[in-house]
Amino acid sequence: MHAHDRPRTLYQKVWDDHVVSTYQDGTQLIYVDRHLVQEVSSPQAFVGLDAAGRDLHRPEAHMAVADHAVPTTERTATLREGLAASQVARLSTNAARHHIPYVPMTDRRHGIVHVIGPELGFTLPGAVLVCGDSHTCTHGAFGAVAFGIGASECECVFATQVLRQSRQKSMRIRLEGVCPEGVQVKDVILAVIARIGVGGGVGHAMEFAGSAVRAMTMEQRMTLCNMAVEAGSRIGLVAPDETTFAYLKGRPLAPTDTEWDAAVANWRELASDSDAVFDQEFEIDVSSLSPFITWGTTPEESAPISGRVPDPAAIDDPRVRRRVERSLRYMALEPNTPLSGIAIDRVFIGSCTNGRIEDLRSAAAVVAGRKVHPRVQAMVVPGSASVRLQAEAEGLDRIFSEAGFDWRHSGCSMCVGMNDDRLLEGERCASTSNRNFEGRQGRGGRTHLMSPAMAAAAAVSGHLADVRDLWPEGTK
Amino acid sequence: MKPLDKIQSIAAYLDEDAVDTDIIFPARFLLLMDKKGLGGHAFHERRRVKKGETPFILDRPPFDTAEILVAGKDFGTGSSREQAVWALADLGLRCIIAETFGEIFYANCFKNGVLPIRLDADTLARVRQAAGREEEIVVDLPSQTIVLTGDETISYDVDAYRKEALLLGLDEIAVILRDSGKDIKAFEEGQSRRAPWLRLGPDKWKVFDDLEKEQFIE
């Protein structure tokens, strides 16, 4: 039935393992093993389900948690009224009605869906995992086929546990070499997006491979896969290996005993065959990279920190020139201004991109012994309660607090600006999040994307700055 | 879902690339939980104009009644929020023509009676010119053609099953439940043997028995 003797990519293997049926036009029904449910994309799906009088096909395949709209200042009794409160309450009620496991805001396991899925072992290699959130590609770091869907598709998964889909093409990004000091995975993925563009990966599952990827921790692989969608790919992937297994072993929802052994044996077979054919391939030598920073309003509008704001007058293509002019107008930047030195008002360290323990460690290493610039308001929002507790056990919270950072509770916070954490009109922010779109962090707010270490450097400098000038000995 | 067959309308246009879903539907309005009435928030920031300035294209006649929107490259990139499509549909838009789309946005359109059409840059430019001349454009789904005044006919691609779903206004979930229930069950039985660790069951969730219960007043 399946042409399994032909060499296949990681994506194709996981896909083939989940085909329920094939239609005449070639599209297929794909089985969904796991569904993460959050407050923003689920209310309308539940309304649809109720209107049609349908039940969930399999309640235990879902896990619900509110992350987008929750406050990060306090964890108790603050969410009693208003739109955000109603939305969180609705999720909790819907989950209870449909017997979906629900992680409350006050629980030690709370956090951003894309941070707690892996932490709890909900995310596994070889699984098909979906969520009504575009950054679901994060889970591909484990060798899962994980992708974001709309609310209508969430409703379909609730009712049927399948989705009708076309198989994507395959793309491989080879990352070779070792990152120089001061260069982090965020810089690598920004460089990838700059290379292929925000639409470069459309229609493709994007596999990251190469020596640099093999050497990465799971946290780093998650940062990498998280931003595949900013390059147009709904799906990012990394082949599971010993690093993956070591991370997952013992997680609450991970398999145990003989089932664990059988699972690992299966997961070892998932890597792309050596002779598998990719529709597109790119290679980047990460040892040639320097810290990246966005200057515009799409994630591809970026440059090394040593660079300057582009000059539209020097751009021949009128369409590109118009686009750059528009971005610079919104960002209030003058052509040819050196990037390093642009004054900032706010710093945000957190999000499903860079809100994990290693991100906080690298930022803290830069901040240690320094103070947040008096003009700057800076905050750290751990990606989960567990990250927060770990950071506190390591004393990172004290480093941040003593430097003048706000130390917050977990949530999406100022990455999406749906709670009270927002930029004011005209404010400029150094942010470790994933989108620098117009108004993303608040109406009229201006976002520069960068790594956690670079955001820390900006916080203590009061302006965009090259972290390599502040780099502490012996940190990664 | 309302069936979609043929659209005959002038077209509004946006001369801008990379119009992401945050521009189409800013995040702060995602707190609204009703699908209906979201059109008022579509392109919220773009529609904020000072006295004397030209209103946003979807607010000024004759384009305020357009059922077709002609955009640029990378339309609807970014977030998966289906609110972006609900808001556009609420404004009366039923067809969006662009060079390329964000993938999730593209898929979401079909679930809501909105037809997204991809055209190469040159062809798109001709449609854009017709839009600028305020000419009526005919988008026909059965024949997969766009007809411009002067009888130029442009053909476009659309997946067969998505086309059918739009034409018939199909309830996809009902179709799957009707036709594929047995296949799903058979798959699940096979997977239980082949890869049992992928099948989370009530026993696994026992580790969550200590979850606190939140009390909210809605």
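Reader: In what order do the four strands of the open sheet in chain A stand?

Author: The general idea comes first. Strands of a sheet pair through backbone hydrogen bonds, either parallel or antiparallel. In chain A the order is S11-S10-S9-S12, and the pairing is parallel. Strands are DSSP runs of E, at least two residues; helices are runs of H or I, at least four; both are numbered from the N terminus. Pairing takes at least two DSSP bridges.

This is a predicted model, where local features need pLDDT of at least 70, side-chain atom pairs count only at pLDDT 80 or more, and totals for chains, interfaces and linings use all residues. Residues count from 1 along each chain as written, chains are lettered from A and ligands numbered from 1 in written order, and side-chain values use heavy atoms, without hydrogens or water.

Reader: Which strands stand at the edges?

Author: S11 (235-237) and S12 (280-285) of chain A do. Each has a single partner strand, so one side of each lacks a neighbour in the sheet.

Reader: How many bridges join S9 to S10 in chain A?

Author: Six bridges link S9(A), residues 169-176, to S10(A), residues 204-209, and the two run parallel. Take A:Arg174: its bridge partner in S10(A) is A:Ala209. Helix H6(A), residues 185-196, packs on this sheet and touches S9, S10 and S12 of chain A. The direction of H6(A) makes about 130 degrees with that of S12(A). Such angles run from 0 to 180 degrees between N-to-C directions of axes fitted to C-alpha atoms, for helices over the stretch in contact.

Reader: Which strands pair in chain B?

Author: S4(B), residues 95-98, and S5(B), residues 115-118, run parallel and share four bridges. B:Ile96 has B:Pro116 as its bridge partner in S5(B).

Reader: At what angle do H5(A) and H6(B) pack?

Author: About 40 degrees, with the axes 11 Å apart. A:Glu155, A:Cys156, A:Ala159 and A:Thr160 of H5(A) meet B:Ile173, B:Ile176, B:Leu177 and B:Ile184 of H6(B), with contact meaning heavy atoms within 4.5 Å. That contact has six nonpolar residues, one polar and one charged.

Reader: How far apart are the axes of H2(B) and H3(B)?

Author: They lie 9 Å apart, and the helices pack at about 50 degrees. So H2(B) is oblique to H3(B). B:Ala84, B:Val85 and B:Leu88 of H2(B) touch B:Phe105, B:Asn108 and B:Cys109 of H3(B).

Conventions:
Ala, Val, Leu, Ile, Met, Phe, Trp, Tyr, Cys and Pro count as nonpolar, Asp, Glu, Lys and Arg as charged, and the others, Gly among them, as polar. Angles under 35 degrees count as roughly parallel, over 145 as roughly antiparallel, 65 to 115 as roughly perpendicular and the rest as oblique.
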